[in-house]
Amino acid sequence: HLTWDEAIVWAASIGAELPTRQEAALLFANAKDAFGPEWYWASEECAGLASYAWLQNFGNGAQYYYDKGYKGRVRAIRRVPI
């Protein structure tokens with residue numbers, strides 16, 4: 001479990017990124033069995049609230065913003081241009 005800032009740094013250290021909110025929703029729709037039913041960080045900060053960023057719940061599909069200091073789960077992705 002990592003804070004949002006830690007998650008961003010960790011993903012970059014392995015040549016990857018956190019998924020956007022849209023990508024996180026697609027992962028929930030198509031691969032939710034590959035995730036635990038918990039909150040995972042997305043890459044997007046909450047507009048107007050600098051200390052908040054978005055999370056995806058892989059138990060029920062909800063998205064919500066929360067304080068970046070929360071220690072959420074992380075799944076990094078790599079985008080491949082097609």
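What percentage of the 82 residues in the protein chain is buried? Buried residues make up 29% of them, where buried means under 20% relative accessible area, exposed over 50%, and partly exposed in between, with a 1.4 Å probe and protein chains only. This is a predicted model, in which local features need pLDDT of at least 70 and side-chain atom pairs count only at pLDDT 80 or more, while totals for chains, interfaces and linings use all residues. Residues are numbered from 1 along each chain as its sequence is written, and side-chain values use heavy atoms, with hydrogens and water left out.

**The whole chain**

Please begin with the protein chain in a cartoon view. It contains 2 helices and 3 strands, and their order from the N terminus is α-α-β-β-β. Helices (H or I, at least four residues) and strands (E, at least two) are DSSP runs, numbered from the N terminus.

Next, display the C-alpha atoms. They fill a box of roughly 30 × 30 × 25 Å along the principal axes. The radius of gyration of the protein chain is 12 Å, which agrees with the value near 12 Å for a compact globule of 82 residues; the radius is taken over C-alpha atoms, and the globule rule is 2.2 Å times the number of residues to the power 0.38.

Among contacts between residues at least 6 apart in sequence, 55% join residues at least 24 apart. Contact means heavy atoms within 4.5 Å.

**First stop: Ala42**

Select strand E1, residues 39–46, and find Ala42 there. Is this residue buried or exposed? Ala42 counts as buried because its relative accessibility is 1%. Beyond its neighbours within four places in sequence, Ala42 is in contact with residues including Trp4, Leu18, Pro19 and Leu55.

**Second stop: Gln56**

Move to strand E2, residues 49–57, which holds Gln56. With a relative accessible area of 1%, Gln56 is buried.

Which side chain is joined to that of Gln56 by a polar contact of 2.6 Å? The partner is Gln63. A polar contact is a pair of N or O atoms within 3.5 Å; within protein, one must be able to donate a hydrogen and the other to accept it, and residues adjacent in sequence count only if both atoms are side-chain atoms. Select Gly61 as well: its backbone oxygen lies 3.1 Å from a polar atom of the Gln56 side chain.

Finally, show the other residues around Gln56. Not counting residues up to four places away in sequence, Gln56 touches, among others, Arg21, Phe28, Trp39 and Tyr40.
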